[in-house]
Amino acid sequence: MGDSITEGTIVDLPVAPGDYVQTDDVVVVLETDKVSVDVRAPEAGALVEILGEIDDVVEVGSSLFRLDTDADAPETQESAPIEEKDTLTPMSGDEPEPPKAEEPPPETPTAADAAATTPPKVPKPQPPTPESPAFMGQRTERRTKMSRMRQRIAGRLKDAQNTAAMLTTFQECDMGALMEMRKKHQDAFTAKHGIKLGFMSAFVQAATAALQESPVVNGYIDDETKEIVYREYVDISVAVASPNGLVVPVLRNTENMSFADVEHNIAMYAEKAKEGTLSLDDMAGGTFTISNGGVFGSLMGTPIINPPQSAVLGMHATKMRATVDDRGEVVARPMMYLALTYDHRLIDGREGVTFLKSIAEKISDPTKLLLEV
């Protein structure tokens, strides 16, 4: 399950002892600190025993179940045909039941009898009118066990707050030129590369170029040795939605990737996240993170660093806003706020602002990516 994982929790048992499983059928589902892992049957056979129950914590390398590979596969039983039952209906020649004798009508009481038996009416006392209570809606609560993945995320985020001296700086960028380029070349790009051109590839390329311009943002502090580690490669973590929440797979060596390479890798990770097949290796490492809250409508926010990284870029929603152009005229332009949260222990304000400004300029004028300026 990965070198950094030492234990997992059993969260699901799709089959029970006595069931016959085929090769690669899921027998046990484990949840670790980072991802859910399906433990599959290595061979076909009858499941003899499961060595654990739901919510049990098991160590890496321990046995989870016993399988009898010599057992015969059960034969498929055909359902027996349903026998039709004849419904008996009375024949027309049957004799009907004799009619019941009529009972004599009850005697009608006279007015005198009614007057003699009716007691005098006594007025009933009116009960006090209770005060109407204030309307209260449902006030129920529900508790669920915190998953190991959520516990791990909570711990890491809190450790980041306690360790790093986080500071956030903001910039805005004009998305007009990038949107126009995407619209103009979308068909040709799709026809050549077999995938659509999105905005994320441009931000990955811009961030990669800015990281190479400012190597300190791509580095980190080794707290044990009290050293600064400068990485000469760029691995960018990109948030992707999955059925269990957001996951952050890593794009490796983005300094060697083209726009099409980035789009293909993001699409691959999105498909694996949808199918639940992301591995720990897919999410391990990363020197810088891009978080796109704009897909959910976020206008502005302050992202949190993912240790041991030293910075994270936050993208937000693109909105039409009034801006002043080069001629001094007020025009409506598609604008996006960018946020960079960085570890102030390592990155000074000048480097942080310069880095984010470089990304904003490359997005506002995509030709700078081509010319590497």
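Author: Before we start, a charge sits over a ring if NZ of Lys or CZ of Arg is within 6 Å of the ring centre and within 35 degrees of the ring normal. Also, the model we are looking at is predicted.

Reader: Thanks! So which residue lies over the face of Tyr-337?

Author: That is Arg-321, at 4.0 Å from the ring centre. Another case is Arg-182, whose charged end sits over the ring of Phe-199, 4.7 Å from the centre of that ring.

Reader: Nice. How many aromatic pairs does a search of the whole structure find?

Author: One. Phe-288 and Phe-355 have ring centres 5.5 Å apart and planes at 70 degrees, so they make an edge-to-face pair.

Reader: Where are Phe-288 and Phe-355 in the chain?

Author: Phe-288 is in strand 15 (residues 288-292) and Phe-355 is in helix 7 (residues 349-364). They are 67 residues apart, so to speak of the pair is to speak of a link between distant parts of the chain.

Reader: Are those two buried or exposed?

Author: Both Phe-288 and Phe-355 are buried.

Reader: New topic! What does strand 15 pair with?

Author: Strand 15 pairs with strand 16 in the parallel sense, over four bridges. In one of these, Ser-291 has Gly-314 of strand 16 as its partner.

Reader: And how does strand 16 run relative to strand 18?

Author: Those two are antiparallel, joined by four bridges. Val-312 stands opposite Thr-341 of strand 18.

Reader: Why is strand 16 called largely enclosed?

Author: Because five of its five residues (311-315) are buried. Ala-311, Leu-313 and Met-315 point one way, while Val-312 and Gly-314 point the other way.

Methods:
Residues are numbered from 1 along each chain as its sequence is written. This is a predicted model: local features need pLDDT of at least 70, side-chain atom pairs count only at pLDDT 80 or more; totals for chains, interfaces and linings use all residues. Side-chain values use heavy atoms; hydrogens and water are left out. Rings of Phe, Tyr and Trp (its six-membered ring) pair if their centres lie within 6.5 Å; planes under 30 degrees apart count as stacked, over 60 as edge-to-face and the rest as tilted. Buried means under 20% relative accessible area, exposed over 50%, partly exposed in between (1.4 Å probe, protein chains only). Two strands pair if DSSP finds at least two bridges between them.
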